[in-house]
Amino acid sequence: MFAAMHAGRVKGMLCIGQNPATSLNAKLEREALRKLDWLVVKDNWIHETANFWKSAPEVTKGEVKAQDIKTEVFFFPVSQVAEDEGTYTNTQRLLQFHFKAAEAPGDCRSDTWFVYQLGKRLKKLYADSTLPRDEGWKNLVFDYEHEGENERKKGDPSNPKILKEINGFATDDPGRHMPGFAALKDDGSTTCASWIYCGVYPAPDKNLAARRTADPPGTPGAQLGWGWAWPSNRRVMYNRASADPDGKPWSERKKWVWWDEEQKKWTGYDVPDYPATKAPTDKAKPGAAGMDALPGTAPFIMRPDGLGWLFVPSGLVDGPLPTHYEPAESPVKNPLYEQQTSPVMKYWKDDANPLAEVGDPKFPYVMTTYRLTEHYLAGAMSRWNPWLTELQPELFIELSPELAGEKKIANLDWVTISSPRGKIRAKALVTRRLRPFTIDGKVVHQVGMPWHWGYEGLSRGDIVNELTALVGDPNVSIHEGKTFVCNVEKA
Amino acid sequence: MPEPMGFYTDTTVCIGCKACEVACKEWNQLPSTNGGLNTLSGNSYDNTRRLDGIHWRHVKFIEQFPEDRRDGRWLLMSDVCKHCVQAGCLEVCPTGAIIRTEFDTVVIQSDACNGCRDCIAACPFGVIEMNPVAGTAQKCTLCYDRLQGGLEPACSKACPTQSIQFGTINQLRDRAQKRVAQLHQSGETRAYLYGADEKILGGLNSFYLLVDKPEVYGLPSDPKMPTRNLKPGAWFSVLGGMLVGLLGVISFRNRGSGEPRP
């Protein structure tokens with residue numbers, strides 16, 4: 001997206017809970033932000049992205065003049081989590097409802113307020129359009145009026161109404177919520193915004209995400225009465241795999257879901273992720289569709305053959321087996337193959353996104369970047385908090401005593417770090433936790449930096465992502481900011 | 001009367017996340033170093049540096065990596081007031097601001113503290129310091145207010161690995177001994193308990209499982225009470241008094257016996 005923005009193909013951006021001015025190849029990202037017509041930032045603080053036109057290094061150094069930046073920036077102050085009711089969904093697929101604990105100060109509004117108000121305004125804007133492409137907007141149902149008068153005045157939507165829309169209900173009887181995705185029909189008689197969440201709100205007085213019944217200590221602990229997990233409140237996916245092909249637990253200690261021979265059904269601590277009565281002895285029916293095409297021994301029901309794959313001939317851009325390639329930048333040749341890097345890695349070609357050659361003597365060291373427990377991502381939720389900034393107050397670079405000795409760098413000295421993309425400063429933290437490697441007979445030094453800092457906030461420091469490149473993995477574009485080459489000099 | 005309560009800190013499972021420090025500050029509403037504008041200490045990940053009037057929990061980071069990096073380890077330990085059974089601070093406090101609570105913990109009552117700092121010098125662990133905002137000496141209260149409300153202290157509640165455990169001293173000692181046995185069995189023979197019996201100041205109501213000498217963690221191996229000097233000090237006082245008396249007798253022995261004044 002930022003590569004397209006940098007090329008001038010994106011005109012506007014809604015930046016909600018993100019801080020791209022400190023993201024990968026940060027200088028390129030800010031250059032891209034300068035090409036926008038408008039930028040809406042919605043966050044707790046006026047962070048680096050909101051102030052990229054005013055306090056970015058290129059502006060304070062005079063390389064770019066603030067008056068030459070045409071981007072119009074709008075800042076929306078946003079409420080914190082405890083100032084709003086709603087659900088958290090974590091990567092374990094668990095939805096947990098939280099209540100509002102305090103009023104947000106001043107004009108701070110929630111994310112739902114923002115999206116609701118934006119939707120209502122856009123709908124109004126397209127109301128008189130006769131263009132076929134605007135039919136979607138004209139037919140959009142967006143009635144989430146809050147039940148409370150005060151909230152309605154403030155423009156807040158009703159969260160239960162939104163949750164109901166996500167859960168699903170009977171089209172001709174909106175008071176009847178859908179109990180689970182098996183009840184959904186493709187004939188228009190039911191409506192559901194997202195099938196995976198269907199069942200979280202099965203009745204108007206039953207918000208299962210708000211449940212708080214923990215399992216007693218010493219029990220297997222599926223915690224089925226705590227919150228709600230999608231889909232169908234299953235806590236472990238593909239849990240039929242916890243039983244052997246005959247349906248018996250692989251291990252007594254780790255038993256989770258098993259086949260009950262007497263009752264002829266799957267049972268266990270968790271909600272079985274399997275058709276309840278499909279026996280382990282079931283044979284696959286040739287030419288059948290869906291679960292009928294799988295034998296009762298195949299637990300991975302979302303896979304075409306119901307099996308887990310080590311050899312993956314399809315579905316991945318790379319594969320079929322894992323192998324080793326060097327990162328996009330490396331001080332050494334790939335010791336395993338002639339092919340240096342993944343032939344299908346994503347690299348966004350741009351003059352502002354250069355890569356160093358293999359073994360470039362100007363950038364001899366391996367850099368890795370990481371996070372600290374005291375800070376969160378680009379810092380908008382931590383670098384403004386004095387209880388956290390006192391624990392990790394300044395940006396640092398960790399290096400081994402061996403490299404520090406070579407470079408005559410003492411602990412806490414200021415150090416300049418450079419890569420083909422940029423140059424930053426940080427304080428040295430000399431530690432034996434880092435060690436030199438010997439690769440192919442050559443000593444290679446590694447250095448490490450946490451990347452939470454930026455030019456706004458209570459605790460400020462240079463942006464480590466000035467050094468990183470826009471390189472992504474071939475399948476899901478996860479960036480390669482964890483490894484690249486750099487140089488280190490005493491400042 | 002409740003049973004004696006305290007902390008058992010198993011340093012082998014501490015991950016150095018400092019959640020205890022933050023939870024402590026949040027519950028007790030303690031200010032930050034220089035309003036949060038602290039400086040990097042250069043000593044591993046420890047920027048708190050020490051226990052003092054505004055840091056009642058302090059996670060220590062001890063890097064033990066030999067030059068060849070073999071068997072390197074990063075010792076982590078969340079330090080706190082030991083709530084000693086024989087508490088030096090309590091002994092020296094001239095105003096009675098420091099009390100022993102019904103939970104056998106040691107608490108400084110800020111409203112009765114006159115800021116004399118005697119307790120700071122009396123603590124063998126360097127736990128107490130002045131809180132610059134309050135102007136009084138302060139330290140961990142073992143969340144006395146939470147205990148009175150039937151809650152566990154903020155730090156142990158926040159600890160994600162159960163490195164900090166709260167409970168009755170008897171229950172904690174039992175659990176800690178089992179853990180030492182488990183560690184010995186699995187090959188970590190250096191594990192031992194510090195302060196879990198009466199040897200150190202009559203017992204520490206916040207005791208530790210360590211895997212190196214106490215000094216490595218900045219703990220004294222044989223801390224002493226300020227009153228240890230009381231007896232010899234008293235004898236010296238008696239002796240001094242007698243000496244002064246004797247000198248007086250000698251000095252003035254001629255007075256009154258000389259020639260009568262004119």
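# Notebook: loops, a helix and a pocket

The model is predicted, so I take local features at pLDDT of at least 70 and side-chain atom pairs at 80 or more, while totals for chains, interfaces and linings use all residues. Residues are numbered from 1 along each chain as its sequence is written, chains are lettered from A and ligands numbered from 1 in the order written, and side-chain values use heavy atoms, without hydrogens or water.

I placed R117(B) in the loop between β5 (106–108) and α3 (118–122) of chain B (helices are DSSP runs of H or I with at least four residues, strands runs of E with at least two, numbered from the N terminus). Its phi is near 75 degrees, a positive value in a residue other than glycine. Most residues other than glycine have a negative phi, and most peptide bonds are trans.

**C143(B).** I noted a positive phi here too, near 45 degrees, again in a residue other than glycine. C143(B) sits in the loop between β7 (136–138) and α4 (144–148) of chain B. With a relative accessibility of 6%, C143(B) is buried.

**Cis peptide bonds.** I logged two in chain A. The bond from W230(A) to P231(A) is cis, with omega near -10 degrees, and P231(A) belongs to the loop between β9 (228–229) and β10 (257–260). The bond from G319(A) to P320(A) is also cis, with omega near 5 degrees; P320(A) is in the loop between β11 (265–268) and β12 (346–347).

**T11(B).** I found T11(B) in the loop between β1 (5–10) and α1 of chain B. T11(B) counts as buried at 6% relative accessibility. A polar atom of its side chain lies 2.6 Å from the backbone oxygen of L209(B). Leaving out residues up to four places away in sequence, T11(B) touches L76(B), M77(B), S163(B), Y208(B), L209(B), L210(B) and Y217(B) (contact means heavy atoms within 4.5 Å).

**S110(A).** This residue is in the loop between β5 (94–98) and α5 (111–125) of chain A. I read a relative accessible area of 6%, so S110(A) is buried. Its side chain makes a polar contact of 3.0 Å with that of T112(A) (a pair of N or O atoms within 3.5 Å, one able to donate a hydrogen and the other to accept it). Beyond four places in sequence, S110(A) touches K42(A), V78(A), S79(A), D84(A) and D156(A).

**α2(A).** Why do I call this helix largely enclosed by the rest of the structure? Because 6 of the 8 residues of α2 (residues 26–33) of chain A are buried. They are A26(A), L28(A), E29(A), R30(A), A32(A) and L33(A). Their cover includes α1 (2–6), β1 (12–16), β2 (38–43), α3 (52–55) and α4 (57–60) of chain A.

**Second largest pocket.** I noted a volume of about 530 Å³ (the space filled by probe spheres on the joined grid points). Of its 20 lining residues, M381(A), N385(A), L388(A), V22(B) and E26(B) are the closest to the centre. A pocket is an open set of points on a 1 Å grid where a 1.4 Å probe fits, with protein on both sides within 12 Å along at least five of seven lines; lining residues have an atom within 4 Å of a point. α9 (386–389) of chain A and α1 (19–28) of chain B each supply at least two lining residues. The largest share, 4 residues, comes from α1(B).

Methods. Buried < 20%, exposed > 50% of the residue type's maximum accessible area, 1.4 Å probe, protein only.
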